[in-house]
Amino acid sequence: MRFLIHRLRHLMSGLLAAAAVTAACAQGAAPASYNVGATATGIPFTFLDIKTNTIQGMMVDTVQAVAKAGGFTVNVQQTVFSALIPSLTASKIDIVSAAMLKTPARQQVVDFSDPVYSYGEGLIVKADDGRAYASLDDLKGEVVGAQVGTVFLDMLQKKGIFKEVRSYDSVADLTRDLALGRIKAGLADQPILAYQIRQNTFQGVKLAEGYKPSNVGDVCLVVRKGDAETLQRLNKAIAAVKADGTLAQITKKWGI
């Protein structure tokens, strides 16, 4: 009887140890799926497809390709641009995939993956504005604008030479005011402006010829500060989609 009890205790100890190891492995396992934040107003990077009611665009294709290469899935959620980083730090989303430039200020609160694309700001003016603008200094004393939450709004505010700097919820709102003559010029993502103008979405405005961007930066996938595991996983997959030509095909598809 004592022998049987001893054997049962030994068996139970083994089962408990195995369960503990299994639980530890499960806790350390990389997630099978991530929630991704993307905006609805950043075409061609991210936008809401009204036919499917889903977020589409270059950065959506990119994060999906990265997920496939990395062996995980993503759930893309619509998020206002200014709420992307707050949503990330609050763990409402796990990754940001949008037209968000890597900046020193943002690096203080979030971590950026290896770059997937690079570009600078575009200066937009009324279609009938014949003046040449080589830099922002040519707009001294004017009313200008940019989208809230972007580095471009920070640029204009820090410049300190304008009569007024107005903020807008979207680039569409910005271009509407510009076409109506309420502001003299605006700053936004150059690829977004160029794409929308080609599609005749933004009417009555144009990109200022000869303007030289002063804030060229990298577009990356963004994760919570200190999330080294997810960052390493993303970077490995990004390297794969660059190497096999997938990323180049995506940028070509969206004409950027």
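Strand 2 (41-42) and strand 3 (46-49) run antiparallel and are joined by two bridges. Helices (H or I, at least four residues) and strands (E, at least two) are DSSP runs, numbered from the N terminus. Two strands count as paired if DSSP finds at least two bridges between them. The model is a predicted one: local features need pLDDT of at least 70, side-chain atom pairs count only at pLDDT 80 or more, and totals for chains, interfaces and linings use all residues. Residues are numbered from 1 along each chain as its sequence is written, and side-chain values use heavy atoms, with hydrogens and water left out.

Gly42 stands opposite Thr46 of strand 3. Three residues link strand 2 to strand 3 in a hairpin. The loop between these strands holds Pro44. A cis peptide bond joins Pro44 to Ile43, with omega about 10°.

Strand 3 also pairs with strand 4, in the antiparallel sense and over three bridges. Here Asp49 faces Thr54 of strand 4. This second hairpin has four residues between its strands. Asn53 lies in the turn and has a positive phi of about 55°, although Asn53 is not a glycine. Asn53 is exposed, at a relative accessible area of 59%. Buried means under 20% relative accessible area, exposed over 50%, and partly exposed in between (1.4 Å probe, protein chains only).

An open sheet of five strands has the order 5-1-6-15-7, and its pairing is mixed. Strand 5 (73-78) and strand 7 (110-112) stand at the edges. Each has a single partner strand, so one side of each is left without a neighbour in the sheet. Strands of a sheet pair through backbone hydrogen bonds, either parallel or antiparallel. Strand 7 pairs with strand 15 (residues 222-224) in the antiparallel sense, over three bridges. Within that pairing, Val110 has Arg224 of strand 15 as its bridge partner. Helix 8 (residues 228-243) packs on the sheet. This helix touches strand 1, strand 6 (95-96), strand 7 and strand 15, and its direction makes about 160° with that of strand 15. Contact means heavy atoms within 4.5 Å. Axes are lines fitted to C-alpha atoms, for helices over the stretch in contact, and angles run from 0 to 180 degrees between N-to-C directions. Helix 2 (residues 58-70) lies across strand 1 (33-38) and strand 5. Helix 2 runs at about 160° to strand 5.

Aromatic pairs number five. Rings of Phe, Tyr and Trp (its six-membered ring) pair if their centres lie within 6.5 Å; planes under 30 degrees apart count as stacked, over 60 as edge-to-face and the rest as tilted. The ring centres of Tyr34 and Phe72 are 5.1 Å apart and the planes stand at 80°, so this pair is edge-to-face. Tyr34 belongs to strand 1, and Phe72 to the loop between helix 2 and strand 5. The pair therefore ties together parts that are 38 residues apart in sequence. Both residues are buried. Elsewhere, Phe45, Tyr117 and Tyr119 form one aromatic cluster.

Helix 7 (190-198) has Pro191, Ile192, Leu193, Ala194, Tyr195 and Gln196 as its buried residues. The cover over these residues includes strand 2, strand 8 (117-119), strand 9 (121-126), helix 6 (171-179), strand 12 (185-189) and strand 13. Asn200 follows helix 7. With 54% relative accessibility, Asn200 counts as exposed.

The largest nonpolar core has 48 residues. Such a core is a set of buried Ala, Val, Leu, Ile, Met, Phe, Trp, Tyr and Cys residues joined through side-chain atoms within 4.5 Å. Phe45, Val66, Leu123, Leu136, Leu139, Leu187 and Leu221 touch the most other members. Helix 2 gives the largest share of this core, six residues. At least three residues come from each of domain 1 (33-118 + 218-254) and domain 2 (119-207). These bounds come from an automatic or database domain assignment. Leu123 has contacts that include Tyr133, Leu136, Leu139, Leu187 and Tyr211, not counting residues up to four places away in sequence. A second, separate core has twelve residues, among them Leu88, Ala98, Met100 and Cys220.
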